[in-house]
Amino acid sequence: MSRKLVFAAGFAALSITALFAQLNKERGDGPGKFPELNFTVHRLGTDHAEGITVIDMNGDGRPDLVSGAYWYENPAEAGGEWKRHQFRTVEITREFVSDCGEWAIDVNHDGAPDLVTVGWQSDGLWWWENPKKQGVMWQKHLIAHTMDTEGGWMGDLTGDGKPELALAHYGRTGVLWVDFAGAEPKVHQAGGHDEDGHGIGIIDIDGDGKNDIVTPFGWFKNIDAASDKWEWHGDWKLGETGFPIVGYDVNNDGKMDLIYGRGHSYGLYWLEQGGDSAHRTWTKHTVDESFSQIHVLKLVDLDGDGQMELLAGKRYRGHEGNDPGSYDPLVIYYYKIDRQTGKFTRVPISIAGTAGAGTQFITEDLDGDGDLDIAVAGKTGVHFIENLKVDNVPRPMREQQILLNKQWPFEGEGTELAPKAKK
């Protein structure tokens with residue numbers, strides 16, 4: 001008998017061999033004529049902290065996810081459950097965990113990463129001491145008093161090759177930054193009310209080899225950070241930006257541009273630097289105004305092509321549901337950047353699911369298969385977003401992750417017929 005499948009009228013007949021060849025052909029390009037990455041989203045828990053970082057909590061060599069009061073145990077490349085464990089307590093105000101940023105830093109220089117956290121709901125930048133034992137609750141220590149602190153960013157300000165942490169304040173009390181290189185954290189301040197605001201970045205604006213501090217109202221030129229010498233330039237007013245304000249030469253003209261999102265409204269933009277060192281100009285370009293609360297951005301080479309992509313996503317209930325577009329569907333995208341034209345091409349990672357971008361992106365090879373994965377935390381839970389560029393998870397585990405109910409037929413669903421005899 002002929003090994004052909006006959007389709008409805010108007011469709012050509014295909015041999016089984018040809019049909020499977022068509023179904024299994026290599027995936028084609030997406031819009032913009034470049035290969036798109038594919039991701040699968042895993043919701044690990046429904047706890048509602050919005051900061052997230054990575055620490056090997058159990059010493060097995062795999063990066064575990066840390067968010068709020070909990071850590072999630074990495075099941076490795078073959079997939080499976082990310083088991084949740086509690087390791088500390090947190091402060092909670094209504095629906096908010098006071099956790100707008102988490103950074104893994106060896107504060108006491110004992111060889112084990114500690115956890116540095118901050119939140120705008122309560123006072124203080126804190127570090128939580130790693131006890132280097134499992135099952136022991138971590139203890140917290142105050143670094144500095146700070147209020148209305150809704151995020152921060154790390155970068156080398158002093159030129160010693162080690163990153164410092166810079167914090168911005170919704171209450172505009174002045175930029176606070178911390179040097180962790182010494183035996184004790186050293187706290188510095190730059191500017192006051194007029195310079196501080198909702199958003200921050202660490203960027204070499206003028207190309208002199210020193211990282212400057214960028215805020216929604218301008219930038220501090222780094223004269224000598226360690227000696228608290230800065231020169232203020234009030235070059236722009238960006239509104240309430242997300243974290244961080246990103247520095248990137250978007251149009252490849254040798255000048256540092258800015259990319260920023262509106263943390264509590266609609267809009268993603270880039271600011272083009274023009275002019276010269278005596279008179280810089282800044283031209284605003286719209287990237288995307290279709291989603292709101294872009295409270296976090298990250299530049300990362302997700303697809304390994306040597307070019308940076310921009311990660312962006314929607315935060316949920318940043319102001320308890322009172323921001324513009326607060327109840328729009330949650331989205332996470334990455335953008336390919338054409339540096340010849342300054343054009344951004346959007347690629348979906350997660351649309352209208354449960355994954356939202358809280359206040360931080362983690363981009364790391366979390367499952368150890370050789371590609372970069374993503375992790376986020378927020379009011380809708382902690383999510384591991386698996387990059388499928390390399391996919392070594394066995395098919396039975398994939399079906400288990402999909403939560404497919406194979407107990408067919410369901411009770412009372414209908415009459416079960418005997419399978420057709422094979423021809």
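Colleague: How do the residues lining the largest pocket divide into nonpolar, polar and charged?
Modeller: This is a predicted model. In it, that lining has 10 nonpolar, seven polar and five charged residues.

Colleague: What volume does the largest pocket have?
Modeller: About 470 Å³. It is lined by 22 residues, and His42, Arg43, Leu44, Gly80 and Gln401 are the closest to its centre.

Colleague: Which element gives the most to that lining?
Modeller: β3, with five residues. β3 (39–45), β32 (382–387) and α2 (395–402) each supply at least two.

Colleague: And the second largest pocket, how much space lies in it?
Modeller: About 350 Å³. Of its 21 lining residues, Trp103, Trp153, Lys298, Gln360 and Phe361 are the closest to the centre. By class, the lining has 13 nonpolar, five polar and three charged residues.

Colleague: Switching to rings. How many aromatic pairs are there?
Modeller: The count is 13. In one of them, Trp82 and Phe384 have ring centres 5.0 Å apart and planes at 45 degrees, so the pair is tilted. Trp82 is in the loop between β6 (70–73) and β7 (83–86), while Phe384 is in strand β32, 302 residues apart.

Colleague: Is Trp82 buried or exposed?
Modeller: Buried, because its relative accessible area is 7%, under the 20% cut-off. Phe384 is also buried, at 5%.

Colleague: What about Trp177 and Trp230?
Modeller: That pair is edge-to-face, with 6.1 Å between centres and 85 degrees between planes.

Colleague: Where does the charged end of Arg84 sit?
Modeller: Over the ring of Tyr70, 4.0 Å from its centre. Arg346 lies over the face of Tyr333, at 4.1 Å from the ring centre.

Terms used. Residues numbered from 1 in each chain as written. Predicted model: local features only at pLDDT ≥ 70, side-chain atom pairs only at ≥ 80, totals over all residues. Heavy atoms only, no water. 1 Å grid on protein atoms, 1.4 Å probe; cavity = no way out; pocket = protein on both sides within 12 Å on 5 of 7 lines; lining within 4 Å. Points joined across faces, edges and corners; volume = space filled by probe spheres on them. Helix = DSSP H or I, 4+ residues; strand = E, 2+ residues; numbered from the N terminus. Nonpolar A, V, L, I, M, F, W, Y, C, P; charged D, E, K, R; others polar. Phe/Tyr/Trp six-rings, centres within 6.5 Å; stacked < 30°, edge-to-face > 60°. Buried < 20%, exposed > 50% of the residue type's maximum accessible area, 1.4 Å probe, protein only. Lys NZ or Arg CZ within 6 Å of the ring centre and 35° of its normal.
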